[in-house]
Each structure stands twice: as C-alpha cells, then as structure tokens.
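This report describes helix packing and strand pairing in the structure shown below.

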Amino acid sequence: MSLETFLKPQLYQSVETDPEWYIKATMNSLNSFMQELEAKLSIPNQMITGTTIVPGTPPVPTPIAGPLAYFLPTFQRITYPEIKTAMFCGDGRQCFINLFNLFGTKFAMNFVTLQASPILQIAAVATIPTPTFQTCAIELLETAHAIGAAMTPETFVNLESTMLSTAIATIPPITVPCAGAGLIPPGAFTGVITLNFSTVAF
C-alpha cells in the first residue's frame, strides 16, 4: 500500500497531449491511496480497553480489551479544483506543502466515527490532528533538495510516497472515550479507544 503504487505507472505522459496530466495523475493516485486506507481502517484494528457491566446480583464487571474498533469512513475524495489550487499556487515549494495538507485534511474528515460491532455497540468520535502532514512535506522538499541533480521522477515519487505514509504513521496516538452497550457479553460498556496509525499506511 503506497501512493507510489498508483502514481509511478503514470509517469512520462505527454505534456503536449495533456498539459495537466500530472495534476490528474496525482489526484487519481491520492484518491486510490485513500481508498486503500479506507479498506484497511474499516476492519477491526484499533485498541479498545474498558469494562462491560453484566447485569446480575451482584453485577459482574467484565474487562474488554483488544483491537476491536474500526472506522466508518465518510469516503472523502480530493477534487480536481482542490488539487489544481494546491499545486498551481505559483511556488514550487509551497505546492507540495499544500498537497500534503490537503490530503491530511481529507484524511481527518474521512476517519471520524468509530464502531466495534459485533462485540460492542458504541458511540465514539475521533478528531485526528494533521500537523505531521506539513512536517513531512517540508522533509520531502529538504531531502529532494539534498539529492539535487541526481533526482529522477521515480526517485521523487518514491520519496513523496514515503513521506506521505510517514505523515500518517507519525500522527500521535489519540485516546478517544467511548460508551454504549456490550453485546458479547451483554451489558453497559464504558472504555477508551487508543488510535494508532503507525502501521496503517505501510
């Protein structure tokens, strides 16, 4: 899973045939990458810890722990006008910062609501911070500058892909409170979800 998987095969298209091919290729590749992230984050892989109180005399507190939580994505996509505005800003350095920030914003909008069915029926909402996207965009540009004349399109796409995945992987762990009903076993549940994206994008 990587941006490179989608973007690299689209290199070396003709500018004469389509002057904006790189914008379209980048848009399509970013959206394909987002779809892969949706597939990965829509299955249980985020840690829940908490307690289900099973009714009884007395009530029985039952610990619940494991990678049970997953997202219900909102299926955000980057549009052509959004990506063109980000990349046609008149500053070759700023355009990649804009691009990473745009993807980070869409990522945070996409992954908000969490669920844990069929083990738990919970209500949980995440707010994902996005500063790592700008940090990694700056690192991308600094690394590319250091490579200098030896840079090739393939090398840059690999670097861009690595830095975008790193931006996701280095989002700090987030603790999200959750509450609802335990289904297995039945009862009232309270706990927390610890979000960790360190392996999601690689």
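What is the handedness of the crossing of α2 and α4? The crossing is right-handed, that is, the near helix is turned clockwise from the far one by less than a right angle.

## Basis of the description

The model is predicted: local features need pLDDT of at least 70, side-chain atom pairs count only at pLDDT 80 or more, and totals for chains, interfaces and linings use all residues. Residues are numbered from 1 along each chain as its sequence is written, and side-chain values use heavy atoms, with hydrogens and water left out.

Helices (H or I, at least four residues) and strands (E, at least two) are DSSP runs numbered from the N terminus.

## Packing of α2 with α4

Helix α2 packs against helix α4 (residues 92–110) at an angle of about 30°, with the axes 12 Å apart; axes are lines fitted to C-alpha atoms over the stretch in contact, and angles run from 0 to 180 degrees between N-to-C directions. The pair is therefore roughly parallel (angles under 35 degrees).

Contact (heavy atoms within 4.5 Å) involves residues including Leu 30 and Phe 33 of α2 and Phe 103 and Phe 107 of α4.

## Packing of α2 with α6

Helix α2 (residues 21–41) and helix α6 (residues 153–169) pack at about 40°, their axes being 13 Å apart. This crossing is right-handed. Among the contributors are Leu 30 and Phe 33 of α2 and Phe 156 and Leu 164 of α6.

## Strand pairing

Strands β1 (residues 46–54) and β6 (residues 186–195) pair (at least two DSSP bridges) in the antiparallel sense over seven bridges. Ile 53 stands opposite Ala 188 in β6.

Strand β5 (residues 174–183) runs antiparallel to β6, joined by 10 bridges. A hairpin connects β5 to β6 through two residues.

Definitions and conventions:
Angles under 35 degrees count as roughly parallel, over 145 as roughly antiparallel, 65 to 115 as roughly perpendicular and the rest as oblique.
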